[in-house]
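Open the model in a viewer and keep the selection panel at hand. The stops below are meant to be taken in order.

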Amino acid sequence: MRLLALVAITGPGLVAAAAGNDAGGIAAYASAGAQFGYHTLFLMVFITGCLALVQEMCARLGSYTGEGLGSLFREQFSLRVTAIVLVAFLVANLGAMASEFAGVGVSFELVGVHRFVSVPLAAGIIWVLVVFGSYQRAERVFRTAALIFLVYPIAAILAHPNVGEVLHQTLLPSFVPSQAFLLLSVGLVGATISPYVQFYVASAVADKGVRPLDYPRQRVDAILGAVFANVINMFIIIAAAAAITTRAPLQSAQDAGQALRPVAGPFAAELFVIGLLGASALAAAVVPLSTAYVVSEAIGAERSVGKSFREAPLFRWLFTVQIVIGAVVALLPGNLIDLLIRTQILNGVIAPILLTCILVLTNRRSLLGEAANGPLLRALGGGLIGIIALLAVAAMGISAARWLGVTG
Amino acid sequence: MSTPRRGSRGIRPHRSHHLDLTHGLRERLVSVAGLVRRPVRNPGGEGVGYVSDAVARWDTGEPHPPLAGLVVRVGSRQAFVPVNLVAQVRPDGVSLSTARLTLQEFTPHEGEVCLVRDILDRQLLDVDGVRVVRAADLYLATVTDRIRLVGVEVGLRTLLRRLGPARWRAKARPDAVIDWASVHSFGSVALTETSGRGAIRLDRHRNELNRLLPADLAALLEDLGRQERRELLDVVEPAAAADALESMHPDKRRQLLTETGPPRAADLVALMEPDEAARALRGLPRQQRDQLLAAMFADKAEALRSVMAFGPDTAGGVMNTELVIASVADTVEHVRILLRIKRHVADLDAVVVVDEQGHLVDDVSLEELLLAEHTTPLEELIGPPWPVSVTPDTPVRRVADRMLDARRLSAVVVDDQLRPIGRILADDVLQALLPGLGLSRLPRPRWPT
């Protein structure tokens, strides 16, 4: 009975969390497990804390102000700060778009379809689905496919991971002193605290009309959602660490799918690819849509958003351009799994900028009144975001050094 | 499932709302965004500080609010300089007519609004153009001997120019300007609540806002932020708001009802047509639905419950329970009086006629009533064409077939005793059969949270 109740409470949250994962995230977690075994688990616990903190703040902003972050930035910050934040947000989301199309490309490469065929085709199909209005039906299909990632906990258990080692790495801090580990850490931050998801949480709570009065329940939802999502993510790492023993970066979907072998046997890669495709397609529509909403909101083109696609030129362009750029980047020469990880690092580098703005907003008594952050949350938020920022700066330093040909 | 929206949004050409600027006025405009951080000089030409805000008087009832003064940053203080001490306001700075300034820390007075803090970059209603805008800039000009707020800029180019260096903003370059006279602004919460001044200010556009088409008002309510939406709801008549709610996108309607809270949301739902109210209530979580029903008058709640008891795809689920029922013995005169006192009469195309036992006899069209003498008893108007009558569990698709066969615009819903309990109009059938209609709008991104 108690178990049933637990399933009833956690079930929808878990499902939502699994479907909320996108291609870049899955690649980053699988890669972390394959490359560094269980060494990233403690970091994931830290990131879970950050995600819960940030998601709660976004939900609080949505509930108390009834507005999305786009219009809050415009009203609360100077126009220049708003512009900088929006550009950062756009860049992160373009990265996300590239990763979704890379996800599509990786998936089809498994069955021998070249990405020059699959990526443009997928971009075209998603564009048509959203613009011509049958998107909602397709969304259900994608969402169902993405649920495949719910099998990761089972796969992780069936792979007989070293439980002692898992617990040890989860509870005690451990780091691998290498550049690759640091870059991947930033990638994990970016994959977990994706900027667009934070923006999405704020407007979703505002759109539901959650009043301050009803906020306490929403707060529990936001925090539990963050924890559930990351429990699944940690199972992806564990499954990959237990099943893939190369301890080298992943190269293809064939490699990444091996983590599902305990569940799917010889069809592991196929199962993985179906889930990846669903997650990619889902996010490839959601990311440009929410970006277009945030930008329209910030520049005051709300009216055009309420109209149909044909009557909203700005919205249509914002949406189309993102899909095109995302698809083009995914077609550039280079390994797609590599691209997936890199976009997550980009997300991780940009995240501190957006998180700082969210912290500043939630600190403001003039905006949230009694619900503004107290001294403890201010300090905690500042500290955690500071650590993320340090990681980001280090990652930027390493990337710049590599780019300039300095090897460390 | 999403229900389609009604109304004429996007079809009706909006009136031109851009201010026609004569060359003279265009040259005299001063940009408020451009004025910020410009030097303030005393008569001797020495700089005393920098402009940080412009304060306008909101309570004079004039279409173009006069400037009350400027907030000037002197050192670390925010000082207020009343407009009578200002000699000239130019795009590149302000000169004062006095060398003396009282350096009191600025606090806005009753009836004053800080243009930069409260209006710039915020949502506004363009009442003429019927749309929500965000102020990219505000323009001041000297009109009838006073410096006044004359227009609001909504152009994207102005916004981009504000991102650049200060000199790009020095000169006002009107792009898409709305006359302030047709702009409805929203106050910050604190101001409205403490002084109640919001209500006075809003009065100026009350009539226009109440005359908006329901679909247009719905669009405005959808586009505004929560605080602004609440203020707009305070201005319009509850009946107009209820009509607009019927036209709103189901998601946005749910949002509005949720954030408005039970007593007020219940009032609004009770004012909606019963079939629309049932549709709105069906879109809410059970707990919230029960709260709203509990907050209504018992008979109203009972009527809505009975409609909701039927499935959304059946005759009972889409029927309007507000009927005009007359007996065979009544005269046309009597029916006319009945019609006059009933609400939602505009949605009726006929009057239900029943016998002594309350059984349906005929459905007399308004046209027949109009052409008849007022002393005529209804008995004489009974005859073919006979009404389409259906039971509440009839599927909507079947109702549509029956209406098409009979070429009628409405059908009467009867219970198992043949007593009339509701009416279904052609638009209700359309709405129930075309759920895809609402999808012509942009899909909202949905992400599981």
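This is a predicted model: local features need pLDDT of at least 70, side-chain atom pairs count only at pLDDT 80 or more; totals for chains, interfaces and linings use all residues.

Residues are numbered from 1 along each chain as its sequence is written, and chains are lettered from A and ligands numbered from 1 in the order in which they are written.

Select chain B. Its elements are 20 helices and 20 strands, taken as DSSP runs numbered from the N terminus (helices H or I, at least four residues; strands E, at least two). Of its 449 residues, 43% are buried (20 or more other C-beta atoms within 10 Å of the residue's own, C-beta atoms being placed from the backbone).

Next, select residues 79-110 and 268-299 of chain A, helices α5 and α15. Their axes (lines fitted to C-alpha atoms over the stretch in contact, with angles from 0 to 180 degrees between N-to-C directions) come within 8 Å and cross at roughly 160°. That makes α5(A) roughly antiparallel to α15(A) (an angle over 145 degrees).

Now select the largest nonpolar core, which has 254 residues: a set of buried Ala, Val, Leu, Ile, Met, Phe, Trp, Tyr and Cys residues joined through C-beta atoms within 7 Å. α15(A) gives the most to this core, with 20 residues.

Finish at Phe101(A), one of the residues with the most contacts inside the core. Leaving aside neighbours within four places in sequence, Phe101(A) is in contact with residues including Val119(A), Ala284(A) and Ala330(A) (C-beta atoms, placed from the backbone, within 7 Å).

Technical notes: Angles under 35 degrees count as roughly parallel, over 145 as roughly antiparallel, 65 to 115 as roughly perpendicular and the rest as oblique. A residue is buried if 20 or more other C-beta atoms lie within 10 Å of its own, exposed if 12 or fewer, and partly exposed in between; C-beta atoms are placed from the backbone. Two residues are in contact if their C-beta atoms, placed from the backbone, lie within 7 Å.
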